[in-house]
Amino acid sequence: MKSINNMIANFKKYWFLITQIISRDFKRKYKRSVLGVVWSLLYPILMMSVMAVVFSHMFRFGTEGTNYLVYLMTGIIMWSYFSEATTGAMTSVVDNFTLINKVYIPKYVFPLAKCLFVGINFILTLIPWLAIIVLTLFGLGKYPASINFYYLVIPYIFFFFFLFTIGVGLILSCVSVFLRDVFYIYGIILTIWNYYTPVFYDLSILPEGLQRLFKFNPLYQFINSVRQIVLFGNCPSPLTLLILALIGCGTLGLGIIIFKKNQDKFIYYI
């Protein structure tokens with residue numbers, strides 16, 4: 001608890017530095033880009049369009065009674081945030097070794113800043129996501145999405161999804177300092193994890209035994225909870241919401257413990 005309080009205090013103290021790192025990442029990402037930040041709006045739409053054509057027409061994937069475009073885009077934007085944020089967080093400490101060697105900076109600032117940076121892009125992608133949801137009410141897709149009061153629960157889900165992502169990012173950024181092979185291994189893990197997460201297919205197409213196994217996937221729990229609201233108008237059960245909170249807080253707590261325990265050794269490896 002003391003470590004967490006210290007990290008919160010340092011977060012406030014080094015907030016200016018965090019904003020500068022985020023600003024640097026924005027400039028680097030959109031340098032010499034004609035459309036710039038607009039790509040954050042276009043990318044999920046283009047990805048959804050391509051995947052919708054491939055999986056709904058070529059492989060005949062679909063979700064009976066629900067709007068497949070919304071189903072697909074919900075999975076894409078949440079998976080994209082997790083994969084991009086954790087990948088960036090994983091390399092953040094090693095990439096900033098020059099700065100770490102020169103001045104004292106809490107090292108967790110770097111993976112945290114990366115998750116926040118990608119989080120801003122994630123918030124921007126919610127604009128086309130919501131637009132697609134509204135357009136389904138006017139004939140986009142075979143079935144309309146649902147707009148209801150349970151949308152107020154979505155920020156709660158996203159908040160613990162964000163904590164879960166930061167926790168994974170802290171663990172990866174720590175491990176990668178000591179084992180650079182993680183840079184390559186994690187790419188393979190993400191590929192497997194992507195297929196383990198029902199982004200483009202419906203879990204119901206799998207055998208019942210596999211369905212139970214796939215439900216242990218934290219990403220499935222977060223994505224499915226949002227889909228329940230926007231596609232079916234159902235609020236996740238109190239138990240599900242509690243589980244999401246435990247996943248988010250538990251993973252963040254584990255990440256903080258691992259990172260805090262090993263951060264003083266980073267200087268010898270980077």
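View 1. L179 is found in the loop between α7 (154–178) and α8 (182–196), where helices (H or I, at least four residues) are DSSP runs numbered from the N terminus. Because its relative accessibility is 40%, L179 counts as partly exposed, a class that lies between buried (under 20% relative accessible area) and exposed (over 50%), with a 1.4 Å probe and protein chains only. Together with V175, F178, I267, Y268 and Y269, L179 forms a nonpolar patch on the surface, with about 600 Å² of accessible area together. Patches are made of residues with over 30% relative accessible area and no salt bridge, nonpolar side chains being joined within 5 Å; a salt bridge is a side-chain nitrogen of Lys or Arg within 4 Å of a carboxyl oxygen of Asp or Glu. Accessible areas come from the Shrake-Rupley method with a 1.4 Å probe.

Residues are numbered from 1 along each chain as its sequence is written, and side-chain values use heavy atoms, without hydrogens and water. As this is a predicted model, local features need pLDDT of at least 70 and side-chain atom pairs count only at pLDDT 80 or more, while totals for chains, interfaces and linings use all residues.

**View 2. The ring pair of F82 and W193.** The centres of the two rings, F82 and W193, lie 5.0 Å apart and their planes stand at 70 degrees, so the pair is edge-to-face; rings of Phe, Tyr and Trp (its six-membered ring) pair if their centres lie within 6.5 Å, and planes under 30 degrees apart count as stacked, over 60 as edge-to-face and the rest as tilted. This pair links distant parts of the chain, with F82 in helix α4 (residues 68–95) and W193 in helix α8, 111 residues apart. Both F82 and W193 are buried.

**View 3. The ring pair of F161 and F222.** With ring centres 5.5 Å apart and planes at 50 degrees, F161 and F222 form a pair that is tilted. Here too distant parts of the chain are linked, since F161 belongs to helix α7 and F222 to helix α10 (residues 218–232), 61 residues apart. F161 and F222 are both buried. Ring pairs link these two residues into a cluster whose members include W79, Y81, F82, F122, W129 and W193.

**View 4. Two cysteines, C115 and C174.** C115 is buried, with a relative accessible area of 0%, and C174, at 3% relative accessibility, also counts as buried. The structure holds 0 disulfides, a disulfide being a pair of cysteine sulfur atoms within 2.5 Å.

Conventions:
Patches are made of residues with over 30% relative accessible area and no salt bridge: like charges are joined within 9 Å, nonpolar side chains (Val, Leu, Ile, Met, Phe, Trp, Tyr) within 5 Å. Helices (H or I, at least four residues) and strands (E, at least two) are DSSP runs, numbered from the N terminus.
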